[in-house]
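Thanks for coming, everyone. Please look at the screen.

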Amino acid sequence: MAKPPKRASALTAVRGRVAHLLAPIQAFWASLVTDLEAIRGAPAVAALLVVCAALMFMEQGADLAVTAGSDTCKASWMVLATAFYGFQCWFWTRYIIEQHRRRAPQAFARQQRESRLIAWLREWTPRLLGGGPFFIAGVATLRAEVDLWALPYIFFALGLVAVFVLWARRRVTVYFRLDHRQLSRLTRWATFVLGLGSMALLCVWPVGPSQFLGAISIVFLGLAFITAALAAMLHASRATRLPVLTGLVFLALAFSLVNDNHAIGRRTLQRRADADRAMPLPPARPVAPDAAERPDPRTGKDTIAMRLKAWCAAQGPQACQPNGPETPIVFVAAQGGASRAGYWAADVLGKLQYETQGPKPFSDRVFAISSVSGGSVGVMAYVSTLVDRPDLSGAPFADSLAEVAGIDYLSPAVSGLLFPDLAQRFLPVAVPLLPDRAETLETGFEAGWRQHCLHPDDADIDPGPGLARCRDADLWTRPFLSLWRPAAGSPAPSWLPIVMINGARQEDGRRIITADVAITPEDFPNAVDFHALAGRDVRISTAIHNGARFPLVSPGGTLIDAKRERQGHLLDGGYFDGGGVTTMGDVAAAALRLANAGNFKLKPIFIELNNATNTDDTAADLIRAGAEVCEAPSDGETPPGCEPNPLFRAKPQNFAPDLLGPLLGLAASRGSHDTAAAMALAQTVRNHGGDIAPDDRPAPGEAAATAGPEEAGEWGVSPTYRLVHLCKPSSGQVPMDWALSKSAMQHADEALGIRPTPKGGQLLIAQDLKMKSACLAETRVRDILLDVDPTAVVGGGQTRPAPGQMKRLDLWAWLAATGLAALVGALAVGWADRKLRKMKLPATLGLQRCRTAPAFDRAVARWRTAWADQPKVFAYVWTAFGFDLLLIAGYAGFAVVLALLLTANQPVSGAGLPVHAYLTPVFRSGAGLVLLAAIADLVEDGLEAWMIARGARDGAARAARIATLAKWVLLTVGALALVVGAVLGCERGG
């Protein structure tokens with residue numbers, strides 16, 4: 001009977017020891033929970049800052065920073081957007097803490113007394129969060145090595161200034177006679193009005209403001225308004241003791257069943273019936289009654305056989321003749337990858353067109369182009385330019401393609417994502433007034449073509465008065481199939497390549513192909529013709545987006561058939577095959593079968609445009625010719641010239657493999673499918689005796705090897721496979737994003753041997769995007785040209801105008817003087833404030849705020865008593881002087897920084913503008929108004945001193961109020977004038 005107590009005592013001892021060990025941890029956790037509760041609201045704001053920081057540290061975020069850092073106007077708006085975001089982070093965190101203090105003042109004060117840490121967190125967490133966006137932007141621009149080298153240090157300095165101003169804000173508001181509650185109420189209403197105004201503006205005009213400000217500024221503005229909405233929901237949740245935020249999340253999930261606003265081709269305030277009438281399928285081409293080949297009966301589109309016949313006719317009388325010589329036929333696959341893929345596709349196709357300026361351009365040899373995701377932008381720019389300007393060739397043609405593909409398309413997509421489309425998620429029905437982010441991106445495509453058309457350029461590109469590069473500036477708003485059905489009498493190329501834009505259906509993974517030819521199950525297994533499914537045509541911009549629905553940036557488009565029934569959702573084509581090689585192989589096989597049936601020979605030339613800059617040219621993923629594998633001997637020493645199988649190598653992923661393994665495996669398998677499809681087609685070429693590696697080419701004067709009947713197989717010819725890969729930079733990679741920096745575009749140009757020619761000053765190419773090693777892209781292009789025409793003479797020597805740097809305006813001395821004045825003012829205010837506090841006097845006279853005569857008399861008597869004491873008078877004079885100096889220095893610094901950003905690195909446009917042209921009269925007027933505001937502040941102080949000396953109340957107090965009102969009006973108008981002047985300067989310079 002004595003044993004159980006012993007066991008119990010032993011168990012109690014163990015429990016006591018465990019409790020003793022856990023006590024510090026429990027105390028720390030309880031303290032942490034208490035501390036976080038004391039700064040309620042800050043974790044949510046900090047979480048958004050972490051998301052912002054993660055975005056900035058991604059490769060895409062770094063390139064956004066480069067984009068802003070190479071365009072000084074966008075750098076200016078980035079600074080202002082960062083300041084606005086920082087202010088919202090500080091204000092809403094502070095507002096929630098203050099509301100907690102007002103609701104429970106006793107508990108709030110008790111926590112302040114009991115814990116110095118809580119008091120410190122309540123004071124400094126909002127301030128540090130307010131400076132956070134500046135430091136995030138500074139680190140992002142520093143990592144990206146932006147062309148405007150001073151920009152990161154400007155952000156760091158502004159971050160420190162922001163923290164200092166937030167620390168000294170109470171002294172500032174006291175001196176300027178500001179009421180905290182009125183300011184808080186004004187800030188809340190101003191944020192609400194600005195948010196609604198931004199929403200309305202971006203709904204009506206989604207492209208212009210977003211492209212002007214830049215994607216990174218739109219991100220900061222969007223996060224600022226999201227911060228305000230999130231804080232308001234948290235405050236409402238605590239005030240009502242209801243899960244407001246959680247309830248809204250569940251409502252958004254429930255509303256997603258009924259508020260679908262992602263129908264393909266949707267336009268704001270456009271009904272479905274109107275869209276059907278605007279974009280009907282064109283009638284089928286008329287054919288002879290006895291013609292063997294007829295258009296597709298469902299869509300009226302040409303078949304592969306009809307288009308092959310037309311292509312053969314464009315090659316000349318010797319092509320496609322029975323038992324005749326081989327006719328080179330080109331098939332192109334443009335890999336996806338947002339604007340990086342679009343620019344690379346446009347660059348390579350433009351380069352090939354540039355090198356074939358004779359009577360038979362390269363486009364006449366191209367039978368079909370298969371594109372995915374962003375590659376569709378470059379492909380459609382190529383085809384659209386062929387249609388719009390068939391007379392354009394050489395460098396003007398190539399430069400035109402590059403400009404279309406290099407335009408910022410991310411800003412409209414981001415504005416649609418963060419503003420109208422985000423608001424739509426919380427509404428029970430699809431509101432016709434709110435465009436989704438798919439529509440804003442498509443509108444951006446249309447505006448991009450229009451912008452490139454109206455861009456002033458050299459006179460030899462101008463087709464006529466009033467135009468610059470195009471005959472139809474609204475071409476990308478036209479129906480997709482209209483490119484292959486030109487109007488009667490309009491100029492048209494002799495041949496226009498087939499374009500197949502690859503998408504993927506969310507529900508079953510099938511390819512949804514938007515093409516100008518019929519997509520039949522016989523030629524394209526397990527694929528669906530978009531036009532046959534939809535029963536109508538879509539805009540060119542929408543057709544591009546059908547294959548370029550980049551995850552998260554674009555939504556899955558709702559597929560609606562001819563009966564207006566939903567048939568699933570269309571996703572980015574990269575979900576099925578990110579390289580477009582599968583569709584290229586299908587159309588090539590169909591064409592070669594037709595050639596065999598017609599007893600004529602086609603020599604297929606497969607071109608794969610690969611833009612994966614995260615891999616070297618010799619990486620395993622880029623092996624197309626087959627790897628030479630050898631085994632190392634047992635002693636482990638590899639013989640010279642022998643390398644192990646590169647497919648064996650892989651970088652282990654050891655972090656949370658059980659949790660992340662399935663997701664990473666799915667993502668890697670999708671990319672591996674692209675590589676496997678390319679390798680399979682290349683192996684097919686190799687099995688047919690084809691040429692893959694450039695070393696297989698015969699020496700000059702030697703006859704090319706031809707495939708025997710056994711090697712040629714059913715194709716009967718020796719094909720060629722060429723991989724044109726965008727080389728890896730010396731560090732990092734060219735980010736996959738819908739916006740590219742000038743440095744990234746110049747890197748792609750350099751890879752093809754296109755030399756930049758600056759119009760003045762130093763080139764903007766960044767050092768981190770120089771070639772890591774010898775690039776093979778230019779060699780591959782040369783191989784392709786010789787494949788098409790063995791007698792061709794590849795000239796090279798292509799150049800492209802590149803932005804230079806304007807001469808810097810020497811404003812650094814002014815900036816240093818401004819900083820010195822701010823330092824002197826801060827020291828004066830600090831010294832005088834300390835003296836006045838010891839003398840128990842306020843930092844400002846404040847006589848004009850005395851509403852009654854007795855209050856005024858008491859204040860005058862108090863100050864007259866102090867006036868007799870010289871140290872007190874001296875301290876007050878120093879306070880007024882210091883605050884006025886800080887005011888002048890702050891606004892002067894703002895003006896100088898804006899001027900620096902406007903002029904220090906402004907790209908030259910056309911013949912160039914003098915530096916002072918960017919500092920418009922409105923900008924200079926703003927600076928002058930700020931100085932007048934400082935003078936008005938001095939007048940205000942002088943009038944209050946007069947009231948003390950003379951005891952005058954009515955007239956002097958009224959004059960002081962007028963001076964105060966004039967000061968704030970001048971400050972407000974001056975700040976607006978500085979911003980508007982900067983906008984006008986950007987418009988003039990850009």
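Is W167 buried or exposed, or partly exposed? W167 is partly exposed, because its relative accessible area is 38%. Here buried means under 20% relative accessible area, exposed means over 50%, and partly exposed lies in between, with a 1.4 Å probe and protein chains only.

A word on the basis. This is a predicted model, where local features need pLDDT of at least 70, side-chain atom pairs count only at pLDDT 80 or more, and totals for chains, interfaces and linings use all residues. Residues are numbered from 1 along each chain as its sequence is written, and side-chain values use heavy atoms, leaving out hydrogens and water.

Now the pairs. Rings of Phe, Tyr and Trp (its six-membered ring) pair if their centres lie within 6.5 Å; planes under 30 degrees apart count as stacked, over 60 as edge-to-face, the rest as tilted. That rule gives 22 aromatic pairs.

One of them is W77 with F212, a tilted pair. Their centres are 5.7 Å apart, with 35° between the planes. W77 sits in helix 4 (residues 72-103) and F212 in helix 10 (residues 208-213), 135 residues apart. Helices are DSSP runs (H or I, at least four residues), numbered from the N terminus. W77 is buried, at 4% relative accessibility. F212 is partly exposed, at 23%.

Back to W167. Its ring pairs with F164: centres 5.7 Å apart, planes at 40°, so tilted. Both lie in helix 7 (residues 151-167), 3 residues apart, about one turn of the helix. F164 is partly exposed too, at 39%.

Last, a cluster. W311, F331, F367, W495, F606 and Y721 form one aromatic cluster.

Notes
Helices (H or I, at least four residues) and strands (E, at least two) are DSSP runs, numbered from the N terminus.
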